[in-house]
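Visitor: Can you walk me through this one? I have the sequence and the model open.
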Amino acid sequence: MAGGGDSTAMREVVQTRFVDATPAELERVLSPSTVLEAEGTFAVVATADTDEGQRVTARGGGMEAVFEFEDRADGLHYRQVGEQGPFEAMETTLTYVARDHGSDVTVRSSVGLGLPLASLTDRIAAWKRRGELDRLLDGLADSVA
């Protein structure tokens, strides 16, 4: 994590939505690129396979950030790494569970800016992150519709 962020000070955002696609269908469309681009803040410029998963470099809003993605049996886990990017620390887990011929998709993200007045600045970061997660879920639902 950039700057050795204190995870106890991070804000958590959780969004859940029913998507009309089975877990197998979701697994086929989920990738680091589709996730980051659906969030709407970054465009992927490079990807590299690592022993842990995929490392993705993305640009947007006048900045560049690197994210590490790890495949999980029921989704993806990713985090911002390095000194660049909007957050001092950001980790996100996207999971899906079969329900009613579709899936409940949950995205849980913890963010921290590492700035003074963390109670205020991290609340704003969480608000922005909630919007990104909403766009991600909307994009995921649209991609399987």
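Guide: Start with a term: a cavity is a set of grid points where a 1.4 Å probe fits but cannot get out, and its lining residues have an atom within 4 Å of a point. Keep in mind that this is a predicted model.

Visitor: OK. How many cavities of 30 Å³ or more does a search of the whole structure find?
Guide: The search finds one. The volume of the largest cavity is about 50 Å³.

Visitor: Which residues line the largest cavity?
Guide: The lining is made by Leu36, Glu39, Phe42, Phe67, Tyr78, Pro86, Phe87, Met90, Arg129 and Glu132. Two elements, helix H2 (32-39) and H3, each give two or more residues to that lining.

Visitor: How many in the lining are nonpolar, polar or charged?
Guide: Seven are nonpolar, none is polar and three are charged.

Visitor: About Arg129, then. Which side chain does Arg129 meet in a salt bridge at 2.9 Å?
Guide: That is Glu39, with the distance taken from N to O. Arg129 is in helix H3 and Glu39 in helix H2, 90 residues apart, so the pair links distant parts of the chain.

Visitor: Is Arg129 buried or exposed?
Guide: Arg129 counts as buried because its relative accessibility is 1%, and buried means under 20%. Glu39 is buried as well, at 3%.

Visitor: And what does Arg129 do with Glu132?
Guide: Their side chains meet in a salt bridge of 2.8 Å, N to O. Both residues lie in helix H3, three residues apart, which is about one turn of the helix. Glu132 is buried too, with a relative accessible area of 4%.

Visitor: Which residues are linked in that network of salt bridges?
Guide: The network links Glu39, Lys128, Arg129 and Glu132.

Visitor: How many salt bridges does the count come to?
Guide: The count comes to 12. One of them joins the side chains of Arg17 and Asp138 at 2.4 Å, N to O.

Visitor: Why does that pair tie together separate parts?
Guide: Because Arg17 lies in strand S1 (residues 11-19) and Asp138 in helix H3, the pair ties together parts that are 121 residues apart in sequence. Arg17 counts as partly exposed at 24% relative accessibility, and Asp138 counts as partly exposed at 40%.

Visitor: New topic, the surface. Which residues make the nonpolar patch?
Guide: Leu117, Leu120, Ile124 and Trp127 make a nonpolar surface patch of about 500 Å².

Visitor: Where is Ile124?
Guide: Ile124 is in helix H3 (residues 118-144). Ile124 is partly exposed, with a relative accessible area of 49%.

Technical notes
Residues are numbered from 1 along each chain as its sequence is written. This is a predicted model: local features need pLDDT of at least 70, side-chain atom pairs count only at pLDDT 80 or more; totals for chains, interfaces and linings use all residues. Side-chain values use heavy atoms; hydrogens and water are left out. Patches are made of residues with over 30% relative accessible area and no salt bridge: like charges are joined within 9 Å, nonpolar side chains (Val, Leu, Ile, Met, Phe, Trp, Tyr) within 5 Å. Accessible areas come from the Shrake-Rupley method with a 1.4 Å probe; for residues, only the protein chains shown count as cover. A salt bridge is a side-chain nitrogen of Lys or Arg within 4 Å of a carboxyl oxygen of Asp or Glu. Helices (H or I, at least four residues) and strands (E, at least two) are DSSP runs, numbered from the N terminus. Buried means under 20% relative accessible area, exposed over 50%, partly exposed in between (1.4 Å probe, protein chains only). On a 1 Å grid over the protein atoms alone, a cavity is a set of points where a 1.4 Å probe fits but cannot get out, and a pocket is an open set with protein on both sides within 12 Å along at least five of seven lines; lining residues have an atom within 4 Å of a point. Grid points are joined across faces, edges and corners, and a volume is the space filled by probe spheres set on the points. Ala, Val, Leu, Ile, Met, Phe, Trp, Tyr, Cys and Pro count as nonpolar, Asp, Glu, Lys and Arg as charged, and the others, Gly among them, as polar.
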